[in-house]
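Dear colleague,

I am passing on the model we talked about, with the sequence and the coordinates together. Please read the notes below beside it.

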Amino acid sequence: MIALVTGANKGIGYEIAAGLGSLGYRVGVGARDAARRETAVEKLRAAGVDAFGVPLDVTDDQSVTDAAELIERLAGRLDALVNNAGVSGEMGPGWVQDPTALDLEVLRSVLDTNVMGVVRTTNAMLPLLRRAASPRIVNVSSSVGSLARQTDPDIEMPIMAAYAPSKSFLNALTVQYARQFAGTNILINAACPGLVATDFTGFQGPRTPEQGAATAIRLATLPDGGPTGSFFEDDGVVPW
Ligand SMILES: NC(=O)c1ccc[n+]([C@@H]2O[C@H](COP(=O)([O-])OP(=O)(O)OC[C@H]3O[C@@H](n4cnc5c(N)ncnc54)[C@H](OP(=O)(O)O)[C@@H]3O)[C@@H](O)[C@H]2O)c1
């Protein structure tokens, strides 16, 4: 079984790669920086994972096309694609993105990675996924993209005017893909890792990257007939 994880050089993506590797998957470590990619591949191999590096910047058409060609050459198909690469965009004090002062360039760059990057990568990998017996796509989202939670007065959520809507958009896209894949063997779902201590959060957060990886790993390895077009976290379904 062959998997590709984007943004797999560190954090949650690295642990998704490690987890899929421990289940016997051959794992493509998608990462844009050569040194960080090679370090991660070496570390995964030392842990017994059959890992290979995939140069991949999800914001770059040519890079994504080249990544698909590399996987075609090395493996000829793809069983699981995990769209994990993501950015928060610049934050103001208190980890807030104030919509009334939002820099449109920040918004553009967040959407380019978190939304367009997923479409770009998914569509480039689809011909390879269609060759697998049971293709799985996982979009690593966030519960801050849940409009139900954002509007629930009992839940405390930071104001993140670029990042949170990028994940709402990603969730909505996941549904559109699931509808398009209806009647095929492709399952696509969104995963929330919870609040995880990584570079992304300044290493604040109660969960480890390994815990954050668990739902994405589960969704990447769903049996045939499993759910599609849904949004999950450890405890079950996240409301839209
Ligand atoms: N940490 C949390 O609490 C949390 C909560 C909810 C959702 N998430 C989501 O979980 C995912 C992983 O986050 P994390 O916490 O593991 O963050 P992280 O440690 O900052 O890792 C992010 C990864 O994405 C990669 N990346 C960023 N832009 C990229 C691009 N254009 N092309 C390819 N790779 C790119 C980074 O590569 P570089 O090393 O080259 O920058 C890095 O490997 C993200 O989608 C994030 O939104 C995280």
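What follows is a summary of what was found, going from the whole chain to single residues.

Please keep in mind throughout that this is a predicted model.

**The chain as a whole**

The secondary structure consists of seven helices and eight strands. With a radius of gyration of 17 Å, close to the 18 Å that the globule rule gives for 240 residues, the chain is as compact as a globular protein of that length. Along the principal axes, the C-alpha atoms occupy a box of roughly 50 × 40 × 35 Å. Of the 240 residues, 50% count as buried, and the accessible surface of the chain amounts to about 10900 Å², with 54% of it belonging to carbon and sulfur atoms.

**Salt bridges**

Searching the whole structure gives 13 salt bridges, and a few of them are set out here in some detail.

R120 and D61 meet through their side chains in a salt bridge, with an N to O distance of 2.7 Å. This pair links distant parts of the chain, since R120 lies in helix α4 (residues 104-129) and D61 in helix α3 (residues 61-74), 59 residues apart. D61 has a relative accessibility of 53% and therefore counts as exposed, the cut-off being over 50%.

A salt bridge of 3.1 Å, again N to O, is formed by the side chains of R131 and E72. Here too distant parts of the chain are linked, with R131 in the loop between α4 and β5 (136-140) and E72 in helix α3, 59 residues apart. Both partners are partly exposed, R131 at 46% relative accessibility and E72 at 38%. Through salt bridges that share partners, D61, D112 and R120 are joined into one network.

The side chains of E38 and R37 also form a salt bridge, at 3.9 Å from N to O. In this pair E38 counts as partly exposed, with 37% relative accessibility, whereas R37, at 9%, counts as buried.

**A buried glutamate**

E233 belongs to strand β7, which covers residues 231-233, and its relative accessible area of 17% places E233 among the buried residues, because the limit is under 20%. Which residues does E233 touch, if those up to four places away in sequence are not counted? They are R149, C192, T215 and V238. With R149, the side chain of E233 makes a polar contact of 2.7 Å.

**Backbone angles to check**

Most residues other than glycine have a negative phi. W95 has a positive phi of about 55 degrees although it is not a glycine; W95 sits in the loop between β4 (80-83) and α4 and is partly exposed, with a relative accessible area of 33%. F203, likewise not a glycine, has a positive phi of about 60 degrees. The loop between β6 (187-191) and α7 (209-220) holds F203, and a relative accessible area of 53% makes F203 exposed.

Definitions and conventions: Residues numbered from 1 in each chain as written. Predicted model: local features only at pLDDT ≥ 70, side-chain atom pairs only at ≥ 80, totals over all residues. Heavy atoms only, no water. Helix = DSSP H or I, 4+ residues; strand = E, 2+ residues; numbered from the N terminus. Buried < 20%, exposed > 50% of the residue type's maximum accessible area, 1.4 Å probe, protein only. Polar contact = N/O pair within 3.5 Å; in protein donor to acceptor, adjacent residues only side chain to side chain. Contact = heavy atoms within 4.5 Å. Salt bridge = Lys/Arg side-chain N within 4 Å of Asp/Glu carboxyl O. Rg over C-alpha atoms; globule rule 2.2 N^0.38 Å. Areas by Shrake-Rupley, 256 points an atom, 1.4 Å probe, with all protein chains shown as cover.
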